[in-house]
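Okay, thanks for coming, everyone.

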Amino acid sequence: MSQLKTISHLDNIPSTPGKFKMDKSPYIHRLRWHSWLCRVGLWSVVFIGFILIFFLRSPPAPSAGDPARRILGNAVWGGPAWEKRVRSSARVRRNHGLSVLVTGAAGFVGTHVSTALKLRGDGVLGIDNFNDYYEVSLKRARQTLLDRSGVFVVEGDVNDSALLRKLFDVVPFTHVMHLAAQAGVRYAMQNPGSYVHSNIAGFVSLLEVCKSANPQPAIVWASSSSVYGLNSKVPFSEKDRTDQPASLYAATKKAGEEIAHTYNHIYGLSITGLRFFTVYGPWGRPDMAYFFFTKDILRGKSISIFEGPGHETVARDFTYIDDIVKGCVAALDTAGKSTGSGGKKKGSAPLRVFNLGNTSPVPVTELVSILERLLKVKAKRSMQKMPRNGDVMFTHANISLAQRELGYQPTTDLQTGLKKFVRWYLGYYSNSGKKRIG
Ligand SMILES: O=C(O)[C@H]1O[C@H](OP(=O)(O)OP(=O)(O)OC[C@H]2O[C@@H](n3ccc(=O)[nH]c3=O)[C@H](O)[C@@H]2O)[C@H](O)[C@@H](O)[C@H]1O
């Protein structure tokens, strides 16, 4: 210590050339050497102390070989607190309730289905990759809504099979509601890879994990009315051909139906495909026509309304979200069990496909007229020949199979459904873009 004091005194002597120069005697050299050693020693002790404190206080760090904790984008999954949340969200709270993994849970249909299941006491765990195909803030707002109903949405991609396996390790899901997909008919020309990634690779990745799970879950998944492609016989029935898709989106959904057949055949997985017909409603998808027409009409922007080459009307069997939710829940409730175990088939299992439509197609021009009345704003209409971008002229569902097997019965007409959508839209985007939930 005395040496240190001496040194600190010496250090106070100015060393600037020309001002004052000390004689460098051997004694002072020895003193300097000793003091330098002491200082290095002291700071080393302090430094090692800090490192020890840091390690003792930190949770165990993820390591490359440790599957318990993984980093995905900004999201971390794994660990006791995370597993507790997963278990609690998936806990069944009614007799004979289901335990459902909902993929694409922060999506439009995913949010509504998850909420409905949770409300009746089923266990629900969501997974969503929160991609930026459309405004991520809307997906986050839906996530907040789900959080309030007690549904935890894990941030992850269905292509991450390690994550999926982990979820099945933590929860023995009885059912999977697979809604994660790259949607949109026209966007497929801009980004074909995203359709292959989500709708084909992602589906296979999920089925691979489901086939190996013990017990195997029953799977209900979103196919699409677009599989009817260029068919001209209406209404579309499940027995009709589906081999002339008009878009890559439709082709990937059709591929999904064939893939479902394979996994049912080889592994005994119970699989139900639901062909949704242009689903709309509150918390909907901003890439869909009814949604961006609303936005553009309110902003006074002109909207393109497609028509056939001879001015034929383009029409859709628009189906309201609440009706679709009832169809999804009924499909889960009536899904027979998967039969396989240990990745091996033990017997035949159900393979089903249903149309979920509204059975009353409405011309797009009429959709615009309804929006004009609800918004009290005249649309700037620009009629355009339908571009060759994957669209089809019309859709119309025959729902007799779903009526018979699922008790499916849509009850909302387009006028009523759009009224509910517009009310939600104005509330959500009011207050200069500030998002309101409820
Ligand atoms: O049933 C499905 O399986 C699909 O439904 C939905 O596809 P679509 O029925 O094509 O809905 P959507 O884009 O809202 O166009 C509606 C109408 O507006 C017309 N349309 C569209 C854009 C435009 O600028 N002008 C126009 O007239 C257009 O020609 C069409 O007649 C889902 O997006 C899709 O993911 C899938 O789920």
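Before anything else, one term: I'll say two residues are in contact if their C-beta atoms, placed from the backbone, lie within 7 Å. And keep in mind that what you're looking at is a predicted model.

With that, let me start at S338. Leaving out its neighbours within four places in sequence, S338 is in contact with Q216, P217, A218, G268, L269, S270 and A349. You'll find S338 in the loop between helix 10 and strand 13. So is S338 buried or exposed? It's buried, because the cut-off is 20 or more other C-beta atoms within 10 Å, and S338 has 28. Also, S338 and C210 sit 128 residues apart in sequence, yet their C-alpha atoms are 9.8 Å apart in space.

Now zoom out. The chain has 13 helices and 15 strands, and 39% of its 438 residues are buried. If you take contacts between residues at least 6 apart in sequence, 80% of them join residues at least 24 apart.

UniProt, in an unreviewed entry, lists residues 100-334 as "domain: NAD-dependent epimerase/dehydratase". Over that stretch the chain is 43% helix and 18% strand, with the end C-alpha atoms 14 Å apart.

What's the strand order in the open sheet of seven strands? Reading across, we get 5-4-3-6-7-8-13, and the pairing is parallel. Strand 5, residues 152-155, and strand 13, residues 351-356, are the edges, each pairing on one side only. Ignoring direction, neighbouring strands here are turned by 20° against each other on average.

Strand 3, residues 99-103, runs parallel to strand 6 and is joined to it by four bridges, with L101 bridging to V176. Strand 6 and strand 7 also pair in the parallel sense, over four bridges, and there H178 stands opposite W221. As for side chains, in a regular strand they alternate between the two faces of the sheet. In strand 6, H175 and M177 point one way while V176 and H178 point the other, and all are buried.

Over towards strand 13, six bridges join it to strand 8, residues 271-276, with the two running parallel. T272 stands opposite R352 in strand 13. Lying across strand 7, strand 8 and strand 13 is helix 8, residues 248-267, which runs at about 155° to strand 7.

There's a helix pair to point out too: helix 6, residues 161-170, and helix 7, residues 192-212. Their axes come within 10 Å and cross at roughly 35°, and the crossing is right-handed. Helix 6 makes that contact with S161, L164, R165 and F168, and helix 7 with S205, L206, E208 and V209.

Last stop, the nonpolar core. Which residues touch the most other members of the largest one? Out of its 101 residues, those are V100, M177, V220, C328, A331 and L332. Helix 10, residues 321-334, gives the most to this core, with eight residues. Click on V220 and, not counting residues up to four places away in sequence, you'll see that V220 touches H175, M177, T272, L274, C328, A331, L332 and A335. Among them are M177, from strand 6, and T272, the one opposite R352.

That's my tour, so over to you.

Conventions. Residues are numbered from 1 along each chain as its sequence is written. This is a predicted model: local features need pLDDT of at least 70, side-chain atom pairs count only at pLDDT 80 or more; totals for chains, interfaces and linings use all residues. A nonpolar core is a set of buried Ala, Val, Leu, Ile, Met, Phe, Trp, Tyr and Cys residues joined through C-beta atoms within 7 Å. A residue is buried if 20 or more other C-beta atoms lie within 10 Å of its own, exposed if 12 or fewer, and partly exposed in between; C-beta atoms are placed from the backbone. UniProt positions are given in the numbering used here, feature names are shortened, and annotations may be inferred rather than shown by experiment. Two strands pair if DSSP finds at least two bridges between them. Axes are lines fitted to C-alpha atoms, for helices over the stretch in contact, and angles run from 0 to 180 degrees between N-to-C directions. A crossing is left-handed if the near helix is turned anticlockwise from the far one by less than a right angle, and right-handed if clockwise.
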